[in-house]
Every structure is written in structure tokens, then in C-alpha cells.
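Reader: Can you walk me through this model? Keep it brisk.

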2 protein chains.
Amino acid sequence: MTFAVTVDLVVFTIRDDELCALTIRRGAPPYRGRWALPGGFVLEDEDLMDAARRELAEETGLDDRREHLEQLATYGAPRRDPRKRVVSVAYLALAAELPEPAAGSDAADARWHPVDELLSGSRRLAFDHDEILRDGLERARAKLEYSPLATAFCKAEFTVAELRHVYEIVWGVELDPRNFHRKVTSADGFLVATGEQTTRNGGRPAQLYRRGHAAVLNPPISR
Amino acid sequence: MTFAVTVDLVVFTIRDDELCALTIRRGAPPYRGRWALPGGFVLEDEDLMDAARRELAEETGLDDRREHLEQLATYGAPRRDPRKRVVSVAYLALAAELPEPAAGSDAADARWHPVDELLSGSRRLAFDHDEILRDGLERARAKLEYSPLATAFCKAEFTVAELRHVYEIVWGVELDPRNFHRKVTSADGFLVATGEQTTRNGGRPAQLYRRGHAAVLNPPISR
DNA sequence: ACTACTTATCGTCAAGTAGACGAGATATGA
DNA sequence: TCATATCTCGTCTACTTGACGATAAGTAGT
């Protein structure tokens, strides 16, 4: 028994105060005309993560290094693709605000959609991509708590307020600016002050930070 | 391009105060005579989780329901199996103390090995199974903190001390019995008292508990 | 320049939590 | 009966968390 193996991508970014996922409109059956997660077949001599990186670059023009990419889960129900048996390894990618994507090779159209809208039920994604998207959202929300993942949504240098904004958008809550500031600046290895300041958000100038070396947040940032 | 798809199992149990993993000795090349994780090919009309359950039952005779089983990660480096391109979906299984396993169909021998011993470097597992085992251990350790996973290592009814023992073995630390008792009994939905008591550990009789309905521990049990 | 407004950062206080550890309860075995 | 082991509850102190006051330091308008 042999299988086709694909990678599918849940790519999140924050645009206009909303968490958005990259979707492509399918140009061929099955599910022609429906929105789907970007993805494609794993090549003959290609590692899974490399395939994910390649697809991400093809769809977004990202330079491979700046964004976060991790394996999410693998989906292989017998009839998830009506044509043949396909096992799909899903990856979760997070990136700072990205431009409107250009249509890729096999996609009729590519676009950012707010995640809320995609998961509201009115617009069903192709295949089992609703489930994959939900799993990706869950993972992202959970990892914000105990990992420095939120910095992946920010540019290389960012302010505490910009970081807080990421948490607020992804979790859909409001956080107290003063307590948030205390927590992130005292979490060991989370943030490194650059010494520079910025006034790009108006008001008093804010310290700029870079992401630190910590892989785990201690203590975690609670929801 | 097509791939063979397998499931590999990281099965943990606690035996003689040690965390042990189930291993099989390979009866055929490649890696003939080396220890490996149990696993096998996914069948034509079989979901991935079903394949994992089937393999688990074949290797251990478990009844499918009593133990914890979750997807771990997927491994698909181009030459991880020298024969052909194989993508392996790894599952993590946890179970209460199990009997010495019987040799399965294609395995020359099956045995529990202490995880410390397997990861000490002296005994290399076949394929990339060392990496899979390490990832499984990491996952299990992490999930003990914020999920009721530790109960999967216990029988249906267990005492607080037995539960603490699980944490101590998996984490390799000593925990204060009094603080541990306070934490697990006050974590919402973690434990449900049965009303029965036992003296099976000597000393004053201990309350017996069953696992509660909680999926997440709040607050977590800290290492 | 002065005022109004915005955002950033620090400080305070009360309530809750965690870790160290004392102490009593209740079993077993000598 | 006594020693010993384990289980369970309590206490104390240090720390953390969340609510929120206050001040700092910019911009924009007049």
C-alpha cells in the first residue's frame, strides 16, 4: 500500500487588528472554487520540513528564516481526499504582517482571511482543512502562554505594546498594559532591550526590544 | 511520488520505579538484531489512529480503551529507511504497569527497557527511533504539568502517593508529599474520591481516587 | 508656549499561591 | 505496647498576581 504525502500550511499573521490565515482558492476539482489551506506534494528527495518551507516560500515569498515554522499534526483519514489516499503533514507558520499574496502556480487566487470568518461556519474550507485550521489556532493560542512564540508575529524590533497587541488579538481578550509590561519584561530571556526607542505608536516613546534566547517562558503569560 | 506510511509507537509504562519503553528486536534487515520501537504499515482503508491502536493491541494485548494514545509527530527524512521512502507517524501511548510482552508477528523479541538506558547512548535504536523516543519523553514530561496525563500510568483507582510516584519517576525529581497532596486534590476536576480506602502501600490507609473529567490542570503541577 | 491628549513605565496594595515544614491520624510489625 | 511507616491537615513566610494610581514623555492644535 502506498500513499501520496502532502504538506498543508496554516499560516497566521495579524492584519488590521485581526488574526488572519492564508488561503488559496482551488482552481481544479475536487472542491473547485472553494478556499483551502496552501500546500502541496512532498518531493522525492525532500524532507517534510523542507517541503513546508518550499511551499511557504512559493505562496508568500518569505525568506525562510524570519518566520516561525513548526510541525502541527498529520491527517490521514482514508477518504479525506476523494481522489486517492493522501496523508497530509500540517505545519504551522507565524509571520509578521505580510503583503497580499500573489496567486501561486496551481491556485486560482490567494488571500488572507480573518480566522474568525473562516471558522464561523458560513465558509467551509476544502477537504478537512477546517479541522486543521482549528488545530493550528489552538496550538498557537496555547503556545503563546508558555513560549516566546508571540514574537514571531512582530518585526525584528518591537515594543511591549506591539507584543501585547499580538496576545490580545490571538486570544481575543484585553490585557492590562501595566501588568503585561511587568510580566514580559521580567520573564527571563524573553525580551532583550535594544536601547533604541520609537514613537511610532504615538504618545511617550517606547523602548524597542528584540526576542531573547528563551525557548520557554518562566513564568508563563496567563490568559 | 508515493510513500509507504507507517505508525511507530512510543509506549511508556512504569516498572520497578523506572520509566520503561516498549521495544522490539528486529528479526530482519535493515538493523537486524537491533532494538526498535514497535510499529507497522498503515493499511489501505485504515485511519492513522486506528493503525496505532491496532499495533498497540498486537504488541501489548491492550484493550484499546484503558490507555492513553495521542499523536506525537511525523518523521519523513528521505533516507530514514534505507530500503525506500517511508513516512512514519509516531504515537505516544501511556499505560499502567503491563506484563512482559509476547513477541509479535515480525519481531524476534519484545521487551520493556528503561528509558534512561535506551537514551544513554550505549544502545542505539534502529532507524531514527532514538529521536522519536526523545521527543516522546519530552512530550510526556511536559504534559504531566498541565494535563491529567499522569493518571494514565495508574490503575483505574489510585492513591495520591501512587500518583506522586508517577511524577517523581517521569520527572526524575522528589516532590514534597504534603504540598503535592494539596495541589492535586485542589486542582479542579483532576481527581474524584471514590470513598474507598486502601492500605496497600503500608502506613495509614489512603483515600482512593479516580481520574476526573478535567482535560487541563489549573493551576498546573510544577516541576 | 500652553493645553489637551496619547502612550509608556513605574509603584502600591491586597489577595492568592507555593514551598518548607510541624503535627496528628491510623495502619503494620516486633 | 512501642517503633515505624504512610497519609492528611495546618501554619508560616516569601513571592506572584491582578487592580489600579501616578508620573513621564512624546504629539497636535491653538
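Author: A definition to start: copies are superposed by least squares on the C-alpha atoms of residues with pLDDT of at least 70 in both. This is a predicted model, where local features need pLDDT of at least 70, side-chain atom pairs count only at pLDDT 80 or more, and totals for chains, interfaces and linings use all residues. Residues are numbered from 1 along each chain as its sequence is written, while chains are lettered from A and ligands numbered from 1 in the order in which they are written.

Reader: What rotation superposes chain A on chain B?

Author: A rotation of 180 degrees, with 0.0 Å of shift along its axis and an RMSD of 0.0 Å. The two copies are therefore related as by a two-fold rotation axis.

Reader: Which residue of chain A comes closest to the rotation axis?

Author: Phe3(A), with its C-alpha at 2.6 Å.

Reader: How many residues of chain A are in contact with chain B?

Author: 20 residues of chain A are in contact with 20 residues of chain B. Contact here puts the two C-beta atoms, placed from the backbone, within 7 Å. β1, β5 (68–75) and β6 of chain A each supply at least two residues of that side. β5(A) has the largest share, 3 residues. Helices (H or I, at least four residues) and strands (E, at least two) are DSSP runs, numbered from the N terminus.

Reader: What is that side of chain A made of, by class?

Author: 12 nonpolar, 4 polar and 4 charged residues. Ala, Val, Leu, Ile, Met, Phe, Trp, Tyr, Cys and Pro count as nonpolar, Asp, Glu, Lys and Arg as charged, and the others, Gly among them, as polar. The same surface serves both copies, since 100% of the contact residues of chain A recur in chain B.

Reader: Back to β1(A). Which strands does it pair with?

Author: Pairing takes at least two DSSP bridges between two strands. β1(A) runs parallel to β6 (residues 86–94) of chain A over 9 bridges. Thr6(A) has Ser88(A) as its bridge partner there. With β4 (residues 39–41) of chain A the sense is antiparallel, over 3 bridges.

Reader: What happens in the hairpin of β1(A) and β2(A)?

Author: There are 2 residues between the strands, and Asp16(A) takes a positive phi near 50 degrees.

Reader: How many residues of β1(A) are buried?

Author: 9 of its 12, over residues 4–15. Buried means 20 or more other C-beta atoms within 10 Å of the residue's own, exposed 12 or fewer, and partly exposed in between, with C-beta atoms placed from the backbone.

Reader: New topic. Is Ala193(B) buried or exposed?

Author: Exposed, because it has 12 C-beta neighbours inside 10 Å. Ala193(B) lies in β8 (residues 191–198) of chain B. Beyond its neighbours within four places in sequence, Ala193(B) is in contact with Gln207(B) and Tyr209(B).

Reader: Which come nearest to DNA strand D?

Author: Arg178(A), Ala161(B), Arg178(B), Gly203(B) and Arg204(B), of 23 residues around it. That surface has 6 nonpolar, 11 polar and 6 charged residues.

Note on methods
A residue is near a molecule or strand if its C-beta atom, placed from the backbone, lies within 6 Å of it.
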